[in-house]
Amino acid sequence: MIDIAELEAAARAHAAEWDRTGLPTEVIVLAAGAGLLGPDRSRDWGGHGLDAYELGELASRLGALCTSLRSLLTVGAMVSAAVDRWATAEQRAYWLPRLVSGELVAGLAATEPGAGTELGSVATAFEDHGTEFRVSGRKLWVSFGEVADVLLVLGRADGGLLSALVRTDQPGVSVEPVTGQLGMRGARIAHITLDGARVPRDQLIGPPGFGLSHVLGTALDHGRYTVAWGCAGMARTCLHEAARYAAERTQGGTRLAEHATIRAALGRGWVDIRSARALCESAARARAAADPETVMVTLAAKYAAAQTAARVGAEAVQILGAAGCAADSIVQRFARDAAVAQIIEGSRDIAELHLGEQLLTLVARETGDLA
């Protein structure tokens with residue numbers, strides 16, 4: 001496990017401030033130096049070679065303190081994972097050391113005004129100009145898009161959907177910082193407008209037709225995994241805060257913890273968190289074993305953990321009452337972040353749909369009815 005003690009101490013002291021002002025550049029640099037931007041990449045590329053369980057535990061520790069730090073891990077790891085799997089040997093040798101070290105901060109630019117859950121509907125276009133492509137379109141809600149040096153962009157080209165690395169320090173790239181959104185306020189989110197930005201051919205990751213199903217598919221699966229573990233950490237913190245407050249707070253001479261409804265709420269939260277954690281661990285085992293059902297198990301873990309973080313966070317706010325609504329309250333911050341976590345990397349409703357479809361497929365296989 002990599003050493004994140006300094007980051008944890010900084011998050012305990014300043015996470016509420018980061019939620020108001022955004023994760024500072026110096027903290028991003030500190031996180032990169034600690035190995036947070038691709039910790040499961042090979043040591044050959046500057047990573048730490050973390051296995052699936054170690055990566056999950058890292059995301060959980062960060063999630064328990066600060067969603068913006070966990071999000072930094074998620075975004076960096078998503079892009080580096082996609083490049084590692086689908087780029088050429090030459091591309092990996094160039095990009096991975098720079099992405100993992102933080103020399104280049106990455107963002108993932110997929111969502112659009114007309115393509116949120118259904119990314120196959122993206123309108124961003126890559127036009128072939130011989131030695132390079134030119135990309136135009138508008139991307140929304142890009143985590144760390146405000147500070148990203150390079151974006152993994154999904155768009156359309158002749159031959160199908162395409163993913164490519166697009167540098168942001170060039171004409172044709174406009175960055176619009178986003179503030180005041182419900183949650184993930186520290187994640188330096190931005191909307192990005194691309195207007196003929198240049199993309200050399202050697203920055204295409206995979207051929208046209210592979211952009212969503214393969215390249216973005218790898219990134220999104222990786223993102224769901226770290227979001228799942230991060231949500232489990234968030235929920236654990238909210239439950240502990242609620243239990244501590246209930247044990248200490250007295251009203252009318254009676255501790256809150258003596259009320260049956262409070263104890264029941266804490267008990268439900270404990271069971272929900274243990275259940276979500278078990279699904280995260282199941283996803284870790286599936287990844288380690290290269291199980292064919294890894295993608296669905298990971299989706300289930302993300303779905304359950306995000307739901308749990310939202311329920312436990314909301315319950316914690318209720319138990320703390322006015323204290324839970326205070327500006328610097330970690331439970332109100334996490335309740336807001338958990339609401340967003342139910343949407344990113346696949347919304348709650350879409351996850352339920354995919355999981356239901358998977359169950360029907362499994363039943364059909366078991367019964368031999370594949371019609």
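Colleague: How do the axes of α6 and α8 cross, and within what distance do they come?

Modeller: Two packed helices are described by the angle between their axes and the distance between the axes. In this predicted model, the axes of α6 and α8 come within 7 Å and cross at roughly 25°, where axes are lines fitted to C-alpha atoms, for helices over the stretch in contact, and angles run from 0 to 180 degrees between N-to-C directions. The helices themselves are DSSP runs (H or I, at least four residues), numbered from the N terminus. Because angles under 35 degrees count as roughly parallel, over 145 as roughly antiparallel, 65 to 115 as roughly perpendicular and the rest as oblique, α6 and α8 are roughly parallel to each other.

Colleague: Which residues of α7 are buried, and against which helices do they pack?

Modeller: Buried means under 20% relative accessible area, exposed over 50%, and partly exposed in between (1.4 Å probe, protein chains only). Among the buried residues of α7 are Ile-262, Leu-266, Gly-269, Ile-273 and Cys-280, and the buried residues of this helix pack against α3, α6 and α8, with contact taken as heavy atoms within 4.5 Å.

Colleague: What should helix α10 span, and how far apart are its end C-alpha atoms?

Modeller: The expected span of a helix is 1.5 Å times one less than its number of residues. For the twelve residues of α10 (residues 330-341) that gives 16 Å, and the end C-alpha atoms are 16 Å apart, which agrees. Ten of the twelve residues are buried, including Phe-334, Arg-336 and Asp-337.

Colleague: Which residue caps the N-terminal end of α10?

Modeller: Ser-329 does, with a side-chain oxygen 3.3 Å from the backbone nitrogen of Val-331. A polar contact is a pair of N or O atoms within 3.5 Å; within protein, one must be able to donate a hydrogen and the other to accept it, and residues adjacent in sequence count only if both atoms are side-chain atoms. Asp-84, in helix α4, makes such a contact with the side chain of Arg-41 at 2.6 Å.

Colleague: Is Arg-43 buried or exposed?

Modeller: Arg-43 counts as exposed because its relative accessibility is 61%; this residue lies in the loop between α2 and α3, and its side chain reaches the backbone oxygen of His-48 at 3.4 Å.

Colleague: What conventions lie behind these values?

Modeller: Residues are numbered from 1 along each chain as its sequence is written, and side-chain values use heavy atoms, with hydrogens and water left out. Local features need pLDDT of at least 70 and side-chain atom pairs count only at pLDDT 80 or more, whereas totals for chains, interfaces and linings use all residues.

Conventions
Helices (H or I, at least four residues) and strands (E, at least two) are DSSP runs, numbered from the N terminus.
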